[in-house]
Amino acid sequence: MSLAISKRLEGKTILITGASSGIGRSTAFEFARTAPKNLKLILTARRVDKLHQIAADIQKEVGDGVQVLPVQLDVSKPDEVREFVGKLPEEFKDIDVLVNNAGLSRGVARAPEIAEEDMNIMFDTNVTGLINMTQAILPIMLRRNNGEGAGDIINLGSIAGREPYVGGSIYCATKAAVKSFTESLRKELISTRIRVIEIDPGQVETEFSIVRYYGDKNKADAVYAGVTPLTPDDIAEIIVFAAGRKENVVIADLLVFPNHQASATIMHRRPT
Ligand code: NDP
Ligand code: 8X3
């Protein structure tokens, strides 16, 4: 880790949604390891027990320079998001970096067989949840520098938002919506110093496929058969890299594949 990136991140307050697993969890560790002397982390998700364990593990690893606040938050519930900032302890309210990571896919059904419940969960989490979080935190960032603003909004998109595929129509539509919202937001905030960043991973092995296949571990494992997917740490390094650039440098969007992947559906699988 370079000294420059540590110094740039020191003293910041970072909010990560969906920090109980996968990319969000790894991102929490990566921020803590990069700026261990002075950092505040707000970790949110629905499974608060996991967040408490992650907080304890981070503090055990890096010590008391990193303060970690686990908060139970379901981003798909507008009321919970609306009340979120007001309930934060004063010392955690001045959020510098928002990582909009919470997200999921449910099922691989094709129209007209897509369950209404799955459709609603994906849109309420991946789209409305991300937009509500952004709107809740933006006023904090806009108040800095006499109204000129400062801060980073880092949205997790996906290759799915760039290239729709069979069996992913709703998930792909949600990630396309993330892309569109992110690009509008960057334009709307151009007169501020707020950076709007999108990271679009390809295949990353996390709990994502287990959730997509409703807990069926065999189906989830088959997704990664014969390939070497990205790890959540790979994406965490890129998120922290983006947040740790000089203030004038904006990683506007970034597509990240593992070596075997060339599009949403073109993968080179080796015999297992
Ligand atoms: P995981 O399933 O491992 O993690 C998803 C996280 O989102 C969990 O911490 C989960 O926590 C949280 N989450 C889900 N629903 C909600 C909700 N309603 N409110 C709050 N938190 C919620 O998957 P990944 O780490 O892979 O996914 C992270 C992001 O990366 C997602 O946006 C996903 O779409 C995106 N992505 C993933 C890729 C992959 O191949 N894995 C590729 C491209 C993008 P909890 O259940 O405790 O609430
Ligand atoms: C998750 C990756 O390829 O399953 O965004 O859509 S993919």
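Reply:

**Salt bridges**

Arg 193 has a relative accessible area of 32% and is therefore partly exposed (buried is under 20% relative accessible area, exposed over 50%, partly exposed in between, with a 1.4 Å probe and protein chains only). Its partner in a salt bridge is Glu 148, with 3.7 Å between the closest N and O atoms; the term stands for a side-chain nitrogen of Lys or Arg within 4 Å of a carboxyl oxygen of Asp or Glu. Distant parts of the chain are linked here, 45 residues apart: Arg 193 sits in the loop between helix H6 (169–188) and strand E6 (194–201), and Glu 148 in the loop between H5 and strand E5 (151–156). Helices (H or I, at least four residues) and strands (E, at least two) are DSSP runs, numbered from the N terminus. Glu 148 is also partly exposed, at 37%.

This is a predicted model, in which local features need pLDDT of at least 70 and side-chain atom pairs pLDDT 80 or more, while totals for chains, interfaces and linings use all residues. Residues are numbered from 1 along each chain as its sequence is written, and side-chain values use heavy atoms, without hydrogens and water.

Asp 118 and Arg 106 form another salt bridge, 2.9 Å from N to O. Asp 118 belongs to helix H5 (residues 116–142) and Arg 106 to the loop between strand E4 (97–100) and H5, so the pair ties together parts 12 residues apart in sequence. Asp 118 is buried at 6% relative accessibility, whereas Arg 106 is partly exposed at 22%.

Asp 74 and Lys 77 pair at 3.2 Å, N to O. Asp 74 is buried at 12%; Lys 77 is partly exposed at 41%.

A network of salt bridges links Arg 162, Lys 179, Glu 183, Glu 198, Asp 200 and Asp 253. The whole structure holds 19 salt bridges.

Definitions and conventions: Chains lettered and ligands numbered in written order.
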